[in-house]
Amino acid sequence: MRRLERVLDLTERVIEWIGIVVIVAMLIISIAEIIGRDLLNAPISGSLDLTLLIMIWMVLLVSGIGVWSDLHIRVAFFVDTMNEMAKQVISLIVFVAIFFFGSEMLIQSIPLIQLPGIMPELKIDNSWLFVPLLVTGIVTMAAAFGRILRIVITFRASKKT
Amino acid sequence: MRTKIVILALIAAFLLSQLLNAPWMQFIAQQPSQIIFLWLSFAFFIVLGVPISFSLGLSAVFTAVFIQLPVLAIFQNLSNGINSFAFVAIAFFIMLGQIVNESGMGNDLLALANLIIGRLPGGLALMNVLTSMLFGGISGSAVADTASIGTVMIPMMERQGFSREFSTAITVTSSLEGMIIPPSQNMIIYSLAAGGVSVGALFLAGYLPGIVMGLAQMAYILILAPIRKFPRGERIARDRVPMILLRSLLVLSVGFFVVGGIVFGLFTATESSSAGVGLAIIIFVLFYRKNMTRANVMRILTGSVRTTAMVLFLIANATAFGYVMASLQVPLLLSSAITSLTTNPIVILLLVNLLLLVLGLVMDMAPLIIIMTPILLPLVLHAGMSAVQFGVVMLINLGIGLCTPPVGNVLFVGCAVGKTTIEKTTRQLLPLYGIMMVVLLIITFVPQVSLILPNLFHL
């Protein structure tokens, strides 16, 4: 479990850094596009498509690993009224559901990646839009699996004591 | 607790029976049963504590299986849901909010508010509301507004004799102005969901309703001031005035630059947001350098990345959910259900407000905008409301939801910052909810409040 935790923590840090690089790149590209078009009369071809593509990658990857670090907002008013044991069981169900969603994301992304088409401005394959779904599916499953393991271990430890 | 588990188990059994097409489920007609399945499965996941984005996605996937839609289409819609240039603007508006929050620009706005109304009775509470209005003119995030202003104002108000709960309640409700006064990321989401309503018109439409909402809250504080003996704010030394004016005007120029760029057609929303971030960075480097620590810069960057990912993933899943709703013809069914009840435009608008308020109580803003706009927009257009005015009305309705339990992010952040409980704060919030409702009705039934500025600029 510790090894998995370490791998997930490291993945989270790496993805967060990728996110930072992406958001800074998005800003630089957008400002360069304004300067190029309005001041130098030389618009940068494909800059908007590139910004959008890297943003989609960033959003999906950070969302996937966000399962590990509780990034996503949830409604806890019902679960918070339960005792510890029930809370753990419900958390287990929650992360199994998220694991299932991640697996569906992974499975369904494969035919999407194989769809034909080219992004006209960037002249690259359309599959680049759907590859992040596949990667996010894997990351989501790994993060959810890590959370499931953590719950099971905590549950066992509390049962022993 | 046992009852709650039994209820959850019953809902799960009902959903499973429907999914497996059990014989005892045949009494429900096909289409209503499919719609019930979609919403009940969503409610089930939400109550269970599954994150909202995954609840939307999971209920869309299960319903797709139930009604034999290709699951592939759900994930195609999920990916396409954020494949729009306008969403890049949301990322930049979030970044702008983070910069304003971490740089300390809010403190100058606070000083400006003190200068304008600080000496009136209840000065600090009035300052709280005015600062939120000014802060909203740059950042547009209610959560950032509450966290940033609340951290400074709530302890300050408490020291001056205001109760902690009242201070928190004012901080929470005044953040609604931040959401309505442009720039507002939620207006961009609405613009997309409504099929391309002008962002410039929406931004201009937000100014007056935001100001009216702020003035109504200030009037309440002024009425309460002699009864509860609220103190006045501190006097500002004359020699500090020019510097306060200069610095706060500089900060406010970011907001005017962003909105002006769009309104005067210089930039698109995306370009204007990135140029706004650029300007905010320049001001941060030149005038707020002492706050430009490595930790603050990292907080801005990681906060921007995480919040952007969370918000856009919510939108992506809401698009997938919306696709299933459209496949089930929910928009058509709901509008014919409401028009079969009444054709009176006043009643229709009241019903739409009620529906949005109720949904806002239990769900977050961004997905509701994506899901409900295509459903309700034709209905309100039929009732004579313009798409621009409806954008403002929708934002206010859902914004009130953010300040109310059980699902109120702004309320949660406010209570955390104010170190108080939701129960105690809610008691102080009740009259403020009433005021917000009255303003909501004014904005719903007096279109001029929203439309006078867009009309003035021919948008």
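Me: How many residues of chain A are in contact with chain B?

Reply: In this predicted model, 56 residues of chain A are in contact with 59 residues of chain B. Contact here requires heavy atoms within 4.5 Å.

Me: What makes up the area buried between chain A and chain B?

Reply: The area is about 5,300 Å². Carbon and sulfur atoms give 81% of that. On the side of chain A, Ile73(A), Val75(A) and Phe101(A) supply 14% of the area that chain A buries against chain B, more than any other three residues.

Me: Why is the pair Glu16(A) and Arg306(B) called a salt bridge?

Reply: The rule asks for a side-chain nitrogen of Lys or Arg within 4 Å of a carboxyl oxygen of Asp or Glu. In this pair the closest N and O atoms are 3.2 Å apart. The distance is within 4 Å, so the pair qualifies. The count between the two chains is 3 salt bridges. The interface also holds 6 residue pairs in polar contact, both residues at pLDDT 80 or more.

Me: Which elements give two or more residues to the side of chain A that touches chain B?

Reply: They are α1 (2–39), α2 (47–65), α3 (84–113) and α4 (131–160) of chain A. α1(A) gives the most, with 14 residues. By type, the residues of this side divide into 39 nonpolar, 10 polar and 7 charged.

Me: Why is Asn317(B) called buried?

Reply: Buried means under 20% relative accessible area. Asn317(B) has 0%, so the term applies. Asn317(B) is found in helix α14 (residues 294–327) of chain B. Leaving aside neighbours within four places in sequence, its contacts are Phe101(A), Ser53(B), Leu56(B), Gly57(B) and Leu78(B).

Me: How do you know that α9(B) is largely enclosed by the rest of the structure?

Reply: Count its buried residues: 16 of the 17 are buried, so the helix is largely enclosed.

Me: What span should helix α9 of chain B have, and what do its end C-alpha atoms show?

Reply: At 1.5 Å a residue, the 17 residues (164–180) should span 24 Å. The end C-alpha atoms are 26 Å apart, which agrees.

Me: How far does α11 of chain B reach, and what span is expected?

Reply: Helix α11 (residues 199–228) has 30 residues and reaches 42 Å from its first C-alpha to its last. That is close to the 44 Å expected at 1.5 Å a residue.

Me: What makes Ser198(B) a cap of α11(B)?

Reply: A side-chain oxygen of Ser198(B) lies 3.3 Å from the backbone nitrogen of Gly200(B), at the N-terminal end of the helix. Just after α11(B), Lys229(B) takes a positive phi of about 55°.

Terms used. Residues numbered from 1 in each chain as written. Chains lettered and ligands numbered in written order. Predicted model: local features only at pLDDT ≥ 70, side-chain atom pairs only at ≥ 80, totals over all residues. Heavy atoms only, no water. Helix = DSSP H or I, 4+ residues; strand = E, 2+ residues; numbered from the N terminus. Expected span 1.5 Å × (residues − 1). Buried < 20%, exposed > 50% of the residue type's maximum accessible area, 1.4 Å probe, protein only. Buried area = accessible area lost by both parts, 1.4 Å probe. Polar contact = N/O pair within 3.5 Å; in protein donor to acceptor, adjacent residues only side chain to side chain. Nonpolar A, V, L, I, M, F, W, Y, C, P; charged D, E, K, R; others polar.
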